[in-house]
Structure formats: structure tokens, C-alpha cells
Amino acid sequence: MNMTRVATGLLMSAVSMLACIRQPAPRTQPAAAPAAAAPVEAWTLKGDSGKGALIFKQFCTPCHGDGGRGDGPASAALNPKPADFTDAKRAAASTDQQIYTTAREGGPAVGKSPLMVAWKASLNEQQLQDVVAFVRSLSKPAAR
Ligand code: HEC
């Protein structure tokens, strides 16, 4: 039994705990409106960061931490560690759409770790937009 095993075990229990609370999001949107593959420049984030804060608290803090600094209780077992969302320089290097795609499709879709899972099965389109708006607000001091 080495530390990596212990850490992996801890992570797996964290992930399975999360799996329990991940229920299919109620489909409130008409099925006829799938997220269209819009051109990059036409994409705008339409999220409510206040609502996103509640979603973040429920789904993201175990790894990303209460304040989004990448220091949640499960982060000890994560390699690579989740990014510090309050780092304005880092945030400026990514677009709203990249953050949205990461949250929706998971780490591997954007060349990042599979430990960052896809949230599209748990969060509906509006919830995804809301949580991304909250993540973005963390790097803007005025909105904190
Ligand atoms: C099981 C742990 C875990 C949970 C829960 C989790 N994440 Fe992550 N997330 C990670 C890890 C690990 C990374 C770093 C991946 C990498 O850098 O390769 C990451 C990276 C990210 C990134 C990319 C940041 C960047 O610029 O590099 C975004 C955005 C993100 N997560 C959003 C979310 C959101 C939103 C939620 C909640 C809906 C969430 N994550 C829940 C583990 C998690």
C-alpha cells in the first residue's frame, strides 16, 4: 500500500460519491434546440454567475475548492491539480468558450486530464452557462 494507491482510492471514493449526486438534469429545453456548432466569433456566454455559484458549490468544489483556487478536499489526490480560477493572468489566456467546452465535454476534449470529467450529462445547457459565468467571475476582482 503506497501513497499513490491511498490517494487514488480517496479520489475514486470522491468520484463515486459525486456519481451518486449526478442525476440526469431535467430536460426543460425543447428537444428541437441542440447547441449548434456556432462559429467561434459568434459564441457568447449567456450565464448567470449568481446561479452558477450554487452549481459550483454543489458539483465543483470537491476538487476546485470553495473559492475556485484548485484546493478542494479531493485536490490532494489530483495530478495535475485543478487550475486556480482566481488567477487573472491565467484566465485571460483562455476564452469563455474554452472554459465552457472543458466543463461540458471534460478534460480530454481539450487536451487536459480525464480527472476533469464531462458535465453535460449532469448539467443542462443553462446550468453549464451559469457555472462557466461563475468560474469567469472568479478572476474579475470587481465581481467577487
Ligand atoms: C473530480 C475532480 C473535479 C471535479 C469535481 C471538477 N473538476 Fe474541473 N478540473 C479537475 C482537474 C484535475 C482539472 C485540471 C485538468 C488539467 O489541467 O489537465 C480541472 C480543470 C478544469 C477546467 C480547466 C481550467 C483551465 O483553464 O485549465 C475547468 C474550466 C473546470 N475544471 C471546470 C469545472 C467545473 C465547472 C466543475 C463543476 C461542474 C468541475 N470542473 C468539477 C478536476 C475536477
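Reader: Which residues come nearest to the ligand?
Author: There are 24 residues around the ligand, and a residue counts as near a molecule or strand if its C-beta atom, placed from the backbone, lies within 6 Å of it. The model is predicted: local features need pLDDT of at least 70, side-chain atom pairs count only at pLDDT 80 or more, and totals for chains, interfaces and linings use all residues. Residues are numbered from 1 along each chain as its sequence is written. Those that come nearest to the ligand are Cys60, Cys63, Lys112, Ser113 and Met116.

Reader: Which elements give two or more residues to the shell around the ligand?
Author: Elements are DSSP runs numbered from the N terminus, with helices (H or I) of at least four residues and strands (E) of at least two. By that rule, the elements that give two or more residues to the shell are helix H1 (3–21), helix H3 (61–64), helix H5 (96–105) and helix H6 (125–137).

Reader: How do the residues of this shell divide into nonpolar, polar and charged?
Author: Ala, Val, Leu, Ile, Met, Phe, Trp, Tyr, Cys and Pro count as nonpolar, Asp, Glu, Lys and Arg as charged, and the others, Gly among them, as polar. The shell around the ligand accordingly divides into 18 nonpolar, 5 polar and 1 charged.

Reader: How many residues does the largest nonpolar core have, and which element gives the most to it?
Author: A nonpolar core is a set of buried Ala, Val, Leu, Ile, Met, Phe, Trp, Tyr and Cys residues joined through C-beta atoms within 7 Å. The largest has 23 residues, and Phe56, Ala103, Trp119, Leu128, Val131, Val132 and Val135 have the most contacts inside it. Helix H2 (49–59), H5 and H6 each give two or more residues to this core. The element that gives the most, with 6 residues, is H6.

Reader: At what angle do the axes of H2 and H6 cross, and how is their arrangement described?
Author: Axes are lines fitted to C-alpha atoms, for helices over the stretch in contact, with angles from 0 to 180 degrees between N-to-C directions. The axes of H2 and H6 come within 7 Å and cross at roughly 95 degrees. Angles under 35 degrees count as roughly parallel, over 145 as roughly antiparallel, 65 to 115 as roughly perpendicular and the rest as oblique. H2 is therefore, relative to H6, roughly perpendicular.

Reader: Which residues of H6 make the contact with H2?
Author: Two residues are in contact if their C-beta atoms, placed from the backbone, lie within 7 Å. From H2 come Ser49, Lys51, Gly52, Ala53, Ile55 and Phe56. By class, this contact has 7 nonpolar, 4 polar and 2 charged residues. The residues of H6 are Gln127, Asp130, Val131, Val132, Ala133, Phe134 and Ser137.

Reader: Is Arg136 buried or exposed?
Author: A residue is buried if 20 or more other C-beta atoms lie within 10 Å of its own, exposed if 12 or fewer, and partly exposed in between, with C-beta atoms placed from the backbone. Arg136 is found in helix H6. Its contacts beyond four places in sequence are Ala91, Asp96 and Ile99. Because 21 other C-beta atoms lie within 10 Å, Arg136 is buried.

Reader: Which residues does Gly107 touch, not counting residues up to four places away in sequence?
Author: Gly107 is found in the loop between H5 and H6. This residue is partly exposed, with 16 other C-beta atoms within 10 Å. Gly107 touches Thr102, Lys112, Ser113, Pro114, Leu115 and Met116.

Reader: Is the peptide bond from Asn79 to Pro80 cis or trans?
Author: Most peptide bonds are trans. Pro80 lies in the loop between H3 and helix H4 (88–92). With omega near 5 degrees, the bond from Asn79 to Pro80 is cis.
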